[in-house]
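My notes follow in the order I looked things up.

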Amino acid sequence: MEEEEYQGVSFGRIVKVAFHRWKLLLILTLSIGIVGFFALYFGYNRFFNVYSTTFSYSGSGLASEKMADNTTFNYKNLISKEVLTKVRDSKAEYSGINVDALVKANAFTITRNVDKDTSELTYTISIKRNKMPSADVTRNFFTDLANYPIAYDKEYIEKSTFDIPLQQFDTADKCEDQLSYLSAEANTLIAGYNTMKEYDISSQQAVIIDGHIRDINTVLDSRTISTLSNMIVQYGLSADYSKINVELLEREKLILDNADPANPGTKQKNEQLIDQITDQINAITAQTAIADLNGRVRELIEENLRIDDRLRQIDKEIANASKTPEQVEGNALFVTESTKIRDGLEALIPTYKETMTEVYVDNAQVTFENSNVLDVTKSMNVVFSILIPVLAGFVVGLIVNLIVDRKMLHDEELPVQEAAK
């Protein structure tokens, strides 16, 4: 049998025959090596290499995952269709990026990483190389994508008026509400400044912000607000006297003060409770219990005093319902002082926006781990892309030589086999 004939073939003869056609071996090795190199390095890597970038934020709220609008920064939004589309549309060089297809295929990935020692937050965005037009376009696209939250903060600050409480002041029907809106505006600005101080700002900026907060408190002086509040009660003031509902006020008066035993008002009920508690005090001797009951009596008396104030105010409001603002005592002064506060707060808003821009935009920085921005994860590097095809070509060449010179291997070995017999 043929298999039996080759049992005596030595390894040396096999090697000799395998290298007999050395030119063919060299051609096959080089040919397969070159083709294999291009297939692995430029073909396989093209489809399996990954573009990625790792970056972090500093100098603003983004380092603590806070946006200028006081919402939490959601890093996953960076690869949302909305954000990707906005960045794609921002420059002509990105026109070749098919956002719809990439989002549908979940081509973009993003991860959030926390350094266990420093607690620093970093984010990594990745996409397969064959999904993007080129390395340069990807580098620029990833750069703009990482900077998008800063651009968003800038746009938010530019478009926001930060004066909603002041707008509510302008349309309020009640003077009490007007004062509440003034306080709300001041508190909003102060809260915003205090939030900015929590971020990585310079000591000089912190001092400047403290000065801005003092300016707000100067405009909205608590003593002035207290005076205006007292004026509302004293004169029965209203922001719009034509909208005073006399019928509603009359019903409120009955609820608060009604001498009818069948349907007593709150004031009469409180007086009845005071009498009952007084009887209990006279009937007991325990000092602790007496102190508690006396405290309750004081609460009821204070409530009735507030009711008396409200009743006087209601009477004033009912009387003012038929008057023009010019005829209402105290109205002109209230309007002048409250408007002065309103305009003073409004005048501070541009400074507030400028400070926000400095903190959230000008100070904000994106730092990329790779100074070149882009990392390329290659499945096959140059060395392996050369070695693997060359070795494969060499092995194929040996096998081809053995197949081509198979008869020679058999013929040269026969005399040896005959002599052995």
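**Entry 1: confidence**

The model is predicted, so I kept to local features with pLDDT of at least 70. I then looked at the start of the chain. Over residues 1–6 the pLDDT is below 50. Beyond near neighbours in sequence, I find 6 contacts for this stretch in the model. At residues 416–421 the pLDDT also stays under 50. Here the model has 1 contact beyond four places in sequence. For the protein chain as a whole I noted a mean pLDDT of 84. Of its residues, 77% reach 70 or more.

**Entry 2: overall make-up**

I listed 16 helices and 5 strands in the protein chain. The chain has 421 residues, and 38% of them count as buried. Next I checked contact range. Among contacts with a separation of 6 or more, 78% join residues 24 or more positions apart.

**Entry 3: H8 against H9**

I took helix H8 (residues 175–197) and helix H9 (residues 203–219) as a pair. They pack at an angle of about 170°, and their axes are 10 Å apart. Angles over 145 degrees count as roughly antiparallel, so H8 is roughly antiparallel to H9. I wrote down who makes the contact. From H8 come Ala186, Leu189, Ile190, Tyr193, Asn194, Met196 and Lys197. From H9 come Ile209, Asp210, His212, Ile213, Ile216 and Asn217. By class, I get 8 nonpolar, 3 polar and 2 charged residues for the contact of H8 with H9.

**Entry 4: H8 against H10**

I stayed on H8 and turned to helix H10 (residues 222–235). This pair packs at an angle of about 165°, with axes 10 Å apart. H8 and H10 are therefore roughly antiparallel to each other. The crossing of H8 past H10 is left-handed. On the H8 side I see Cys175, Glu176 and Leu179. They meet Ile225, Leu228, Ser229 and Ile232 in H10. The residues of this contact divide into 5 nonpolar, 1 polar and 1 charged.

**Entry 5: Ile341**

Which residues does Ile341 touch, leaving out those up to four places away in sequence? I found Leu182, Val219, Leu220, Thr224, Ile225 and Leu228. Ile225 and Leu228 were already in my notes, as H10 residues that meet H8. Ile341 itself lies in helix H14 (residues 331–362). Its relative accessible area is 4%, so Ile341 is buried. I also checked one of its partners by distance. Ile341 and Thr224 are 117 residues apart in sequence. In space they are 9.3 Å apart, C-alpha to C-alpha.

**Entry 6: H6 against H14**

I followed H14 to its pairing with H6. H6 and H14 pack at an angle of about 175°, and their axes are 10 Å apart. That makes H6 roughly antiparallel to H14. H6 brings Ile150, Asp153, Lys154, Tyr156, Ile157 and Glu158 to the contact. H14 brings Lys353, Met356, Thr357, Tyr360 and Val361. I noted the classes for the contact of H6 with H14: 6 nonpolar, 1 polar and 4 charged residues.

**Entry 7: positive phi**

I looked at two loop residues for their backbone angles. Phe162 sits in the loop between helix H6 (135–159) and helix H7 (164–171). Its phi is near 55°, a positive value in a residue other than glycine. Is Phe162 buried or exposed? Phe162 has a relative accessible area of 15% and is buried, because the cut-off is under 20%.

Glu65 is in the loop between strand E1 (50–58) and helix H4 (81–89). Phi of Glu65 is near 60°, again positive in a residue other than glycine. Glu65 counts as buried, at 12% relative accessibility.

**Entry 8: Asn304**

Asn304 has a relative accessible area of 7%, so I put it down as buried. I left aside its neighbours within four places in sequence and listed the contacts. They are Thr266, Lys267, Asn270, Glu271 and Ile274.

Note on methods
Residues are numbered from 1 along each chain as its sequence is written. This is a predicted model: local features need pLDDT of at least 70, side-chain atom pairs count only at pLDDT 80 or more; totals for chains, interfaces and linings use all residues. Side-chain values use heavy atoms; hydrogens and water are left out. Axes are lines fitted to C-alpha atoms, for helices over the stretch in contact, and angles run from 0 to 180 degrees between N-to-C directions. Helices (H or I, at least four residues) and strands (E, at least two) are DSSP runs, numbered from the N terminus. Angles under 35 degrees count as roughly parallel, over 145 as roughly antiparallel, 65 to 115 as roughly perpendicular and the rest as oblique. Contact means heavy atoms within 4.5 Å. Ala, Val, Leu, Ile, Met, Phe, Trp, Tyr, Cys and Pro count as nonpolar, Asp, Glu, Lys and Arg as charged, and the others, Gly among them, as polar. Buried means under 20% relative accessible area, exposed over 50%, partly exposed in between (1.4 Å probe, protein chains only). A crossing is left-handed if the near helix is turned anticlockwise from the far one by less than a right angle, and right-handed if clockwise. pLDDT is the predictor's confidence in each residue, from 0 to 100.
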